[in-house]
Amino acid sequence: MSLQTSTAGRATRLARPAGRRPRRRSSFRRRQYLSAYGFIAPSVVILGAFMVWPMISSLRLSFYQSSGFGPSTFVGLDNYRTMFEDPTFRSDLWRTLLYAVIVTPITVGLALMFAIMLDRRLHGRSFFRAALFLPAVLSLAVMSIAWTFLLDPQVGLLPNWFAPLDVSFGNGLADPHRALAYVMVVGIWKNVGFYMVMYLAGLTTIPRELYEAADVDGVTPFEKFRYITWPLLANTSAFVFIIAGIAALQAFDQVFVMTRGGPYFQTETLVYLIYRDGFQNFQFGSASAVAWVLVVIVFIISLVQNAYFSRRQVTY
Amino acid sequence: MAATTLEAAASARPTTQPRGRRRAARIVLYAFLVLSAFVVLLPVIWMVFTSVKPERDIVTHPSELIPTHWTLDNYRQVLEQIPFARQFLNTVVFAGGVTVFSLLFDSMTAYALARLDFPGKKVLFLLVLLFLMVPSQVTLVPVYQLIAKLGLVNTFPGLIMPRATNAFGIFFLRQFFLGLPNDMSEAARIDGASEWRIYWQIILPLARPALLTLGLFHFMYNWNDLLWPLVLTTTSTMQTLPAGLALFTGEHVVQYGLVMAGATMAMLPMIVAFLLVQRRFIEGIATTGIK
């Protein structure tokens, strides 16, 4: 992922002496400025109104007690203090981190495994790729309805199929000890195919000669993975880990459909808490405070992962 | 080509890897892939089959995957019980509206960022990069309040406007525009064409593959989105399908056949679109991550 701004063109243009006809040149430039502002105007207005202002406003809101209807009063850091003292928030925060820490590596690991399997020539390769990718284009909310039923302890298909193997699904989604695990499985199911495709693209950039040379040297498949595939996929992994991590921190859809955060708040995530605080209890102030905790976590994780992977950045 | 030579080389060395073992490995790989594909597709298969089962077959124990009796009753009923046609239309207008406006505004801004000079360009681009990282839930409450203040809750403008441009779209198209050759637009500029004309008649046609990919992303994301339509609509006649179906299952004793008929119809456009443009779609995702 290269994010550097391309200012090279601009720099050379500015560095060039004003030319023989400075007046004409500057009027050309002014015309270009004007049309440029015309081009960016709609986006700037929309981003200003629905991105910049809301971010400032939500930061401000987090210092107020606000129900959104009555007058709001400034309460300083009270929202944050109450939030961090609130056991529900603390366990939601902990649970969200746990969700991300478990779901991210499993999803990315499975994605990488399937990508390696489906990179080679294989009959039915495009069918397998399409099948594994399909969940990525489907609505998680809608498909979670199907998952709810598949996991139902009385009439669900999965408990029924696994009964002879003596695998218990407990009380299904009503089981406080298992519900979170089920929610995680559905989250993984949704995203593996998406990241697999990114890894497939990454794999095509690895020169085949490296594997051929390794074959000549009699290298084992594991060593090929360890010393060729994995290091040369560092750039792809950096990108995939960051977007997978951020997506995991924002888990909401399947929680809303499958459990509504229950049983006994055992599957409530931070985004679900934002929804419940803000749009069911209309506590906009404390919902905003929770949202800013999420922003801070996302930023920290992006920075840490970026730093970690940029140390191992490879160019070849 | 490289792969064929590799395999030829491999089969020429029967001593290091015996034929039989390789075949066994291949069978294991296939078995694993078939099983994985089945597990991944199971909810989809189940959804479709359940939608054509009579309700009494669905809640019997033990339940079965493949229906013994086939019926279209669920489809008939879901059209009566949920304002399905209306919600389908809502989803089309919402997802389609966001896609059209976002493609237009994203590409305009991306054009200015990639091809034009103006004071503040660097700041704007840095802001776009920053917005890429901001989780959308942060702006949810204030954006809702703003829309409510404008009296646009439960309206299409209210649903569409906040999404009519998008940091990811701007970034994605800017990267694509940077890679386009410069000579055609320079020639047009010398001939006195306006920037708008260069953008509309030269750049956009060249960018068609990128626009198609991004358009698919926007459409799919909004078609499937739950939280934003859920928050911004309060009546079942304005809900989109994911919100409508999610709330329907929450409020009623669930008739699964009926809900699954709705779900199948809601997901059908995505499945069809995916099958039609599958290759482009997968390539599109691949290119977003790689420089």
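In this predicted model, H5(B) goes past H9(B) in a right-handed crossing. Two packed helices are described by the angle between their axes and the distance between the axes. Here, the axes of H5 (residues 84–115) and H9 (residues 167–178), both in chain B, come within 8 Å and cross at roughly 50°. That angle makes H5(B) oblique to H9(B), because roughly parallel would need an angle under 35 degrees and roughly perpendicular one of 65 to 115.

As for who touches whom, H5(B) brings Ser102(B), Asp106(B), Ser107(B), Thr109(B), Ala110(B), Tyr111(B), Leu113(B), Ala114(B) and Arg115(B) to the meeting. On the H9(B) side sit Gly169(B), Ile170(B), Leu173(B), Arg174(B), Phe177(B) and Leu178(B). Sorted by class, this contact of H5(B) with H9(B) comes out at 8 nonpolar, 4 polar and 3 charged residues.

Zooming out, chain B has 15 helices and 0 strands. Of its 291 residues, 40% count as buried.

The contact between the two takes 78 residues from chain B and 88 residues from chain A. On the side of chain B that touches chain A, helix H15(B) (residues 256–289) gives the most, with 13 residues. By class, the residues on that side of chain B split into 60 nonpolar, 14 polar and 4 charged.

Definitions and conventions. Residues are numbered from 1 along each chain as its sequence is written. Chains are lettered from A and ligands numbered from 1 in the order in which they are written. This is a predicted model: local features need pLDDT of at least 70, side-chain atom pairs count only at pLDDT 80 or more; totals for chains, interfaces and linings use all residues. Axes are lines fitted to C-alpha atoms, for helices over the stretch in contact, and angles run from 0 to 180 degrees between N-to-C directions. Helices (H or I, at least four residues) and strands (E, at least two) are DSSP runs, numbered from the N terminus. Angles under 35 degrees count as roughly parallel, over 145 as roughly antiparallel, 65 to 115 as roughly perpendicular and the rest as oblique. A crossing is left-handed if the near helix is turned anticlockwise from the far one by less than a right angle, and right-handed if clockwise. Two residues are in contact if their C-beta atoms, placed from the backbone, lie within 7 Å. Ala, Val, Leu, Ile, Met, Phe, Trp, Tyr, Cys and Pro count as nonpolar, Asp, Glu, Lys and Arg as charged, and the others, Gly among them, as polar. A residue is buried if 20 or more other C-beta atoms lie within 10 Å of its own, exposed if 12 or fewer, and partly exposed in between; C-beta atoms are placed from the backbone.
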